[in-house]
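Me: I would like to go through this structure by question and answer. Please keep the terms clear as we go.

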Amino acid sequence: VLDIIEAGLDSIDTRKIIKSSISINGTSLNIRDKTFDISEIDNIYVIGFGKPSCMAVSVIDEILGSHIQSGIAIGLAPVSCENIQTFGGTHPHPSIQNVEVSEKIMELSKKVTDKDLVLVVVSGGGSALLCWPMKECEQANRLYKEFLQTGGDIKELNTVRKHISSLKGGGLVKELYPAQVIGLIFSDIPGNTYDYIASGPTYKDATTIYDAQAILDKYHLTGYELNETPTDDRYFERVTNIPLVSNIEAEEAMKQKAESLGLKAKILSYELYDEPEQIAKKFLSAIESNCVILAGGEPRSIITTEGGTGGRCQRLGLVMLPLLKETDVFAAVASDGLDNSTAAGVIEDGDTLKKVKSKNLNLKEYKDKWDSMGMYTKLGNELLETGPTHANVSDLMIMYRK
């Protein structure tokens, strides 16, 4: 199971993705199956935001070198670059630090002309890391905390985020107009609805202020100041968005690895966004002997109490644990390596529940306290630790029955 997970993580390695996707040959900039003529481009700028963005721009910097005039990226931690400034910001809660770096991006956007090209790395985590103006930061912090208690999904959350921001929902493209813009998309949202990734700074927004208000009303959230996102088509005429990676690559790589080990392998879904109990039922109904079931997505939960530890993957582990047979293994891992904690996720098998009982741990009590990491820490070797992976394509889930 660990070998299969490794194959999935290797397939979404940000450095490898950029190196295989971008090249330059004379005056031709090649990105996947598209070629851009840069012979009449005055300057190339690079902007990045999201968890993998600093790693991504550092590789772009290696490939394009002196072709880059300058650039700014904000991720979880800075990375050494020759021509691009990188900064660490806060996630999932935006902060003044994020606003200050986002202001630098705003200042860069004021320099660009119609003779310039801007490469924009758009990735998961960007909704918190790209944050401007300060009023957005203040509203976004409250929105994130309140939304955790509603059970609303990421698309609903990001719809509201678009309408409390000056840069999301196509706002960044408006600021960069009339430059040519290429969005390099690292997808972390189930279903690959790319305009919701980082709340869509390089996409024309299909939602309106009324959609955002309807979501707030649905969950009885009040006190937010909303604004409309850019609607003029001219801002988007010179924009090309190119998806580079999603959890599809990870799930397919895991499936191939499982089959190479002589196992039957099935992908349950690329976009599981159910509550953990529903996800557990789907895995158990699909599993069979000598088989691996795979899925990507993000388990959904309504947080009912404060003070717990762990993230979605560990929560799903707690739900799956009492349902496992002696011959079962289950694992869930956050592809960014950070399951709302220092752990990436959890791996457990038929013996794990025996350990829970032998240590007199009350599984229901830990579930009720939302303290999944608190329990797994006491067990020994169930927590998966990768460190930050500099990637982000949602969560990866796997069940194996011997």
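Reply: A residue is called buried under 20% relative accessible area, exposed over 50% and partly exposed in between, with a 1.4 Å probe and protein chains only. This is a predicted model, in which local features need pLDDT of at least 70, side-chain atom pairs count only at pLDDT 80 or more, and totals for chains, interfaces and linings use all residues. Residues are numbered from 1 along each chain as its sequence is written, and side-chain values use heavy atoms, with hydrogens and water left out.

Me: Is Thr-86 buried or exposed?

Reply: Thr-86 sits in strand β6 (residues 85–88); strands (E, at least two residues) and helices (H or I, at least four) are DSSP runs, numbered from the N terminus. The relative accessibility of Thr-86 is 12%. That is under the 20% limit, so Thr-86 counts as buried.

Me: Which residue has the backbone oxygen that the side chain of Thr-86 reaches at 2.7 Å?

Reply: Contact means heavy atoms within 4.5 Å. Leaving aside neighbours within four places in sequence, Thr-86 is in contact with residues including Cys-54, Pro-78 and Val-79. The backbone oxygen reached by the side chain at 2.7 Å belongs to Val-79.

Me: Why does Tyr-196 count as buried?

Reply: Tyr-196 is found in the loop between β8 (180–186) and α9 (209–218). Beyond its neighbours within four places in sequence, its contacts include Lys-155, Ile-189 and Thr-207. Tyr-196 is buried because its relative accessible area is 14%.

Me: Which residue in β3 is the bridge partner of Asn-30?

Reply: Two strands pair if DSSP finds at least two bridges between them. Strands β2 (residues 28–31) and β3 (residues 34–37) run antiparallel and are joined by four bridges. They form a hairpin with two residues between them, and Arg-32 in the turn has a positive phi of about 55°. The partner of Asn-30 is Thr-35.

Me: Which helix supplies the largest share of the lining of the largest cavity?

Reply: On a 1 Å grid over the protein atoms alone, a cavity is a set of points where a 1.4 Å probe fits but cannot get out, and lining residues have an atom within 4 Å of a point. The lining residues here include Pro-92, Glu-136 and Tyr-144. Both α5 (126–129) and α6 (134–147) supply at least two residues of this lining. The largest share, three residues, comes from α6.

How values were computed: 1 Å grid on protein atoms, 1.4 Å probe; cavity = no way out; pocket = protein on both sides within 12 Å on 5 of 7 lines; lining within 4 Å. Polar contact = N/O pair within 3.5 Å; in protein donor to acceptor, adjacent residues only side chain to side chain.
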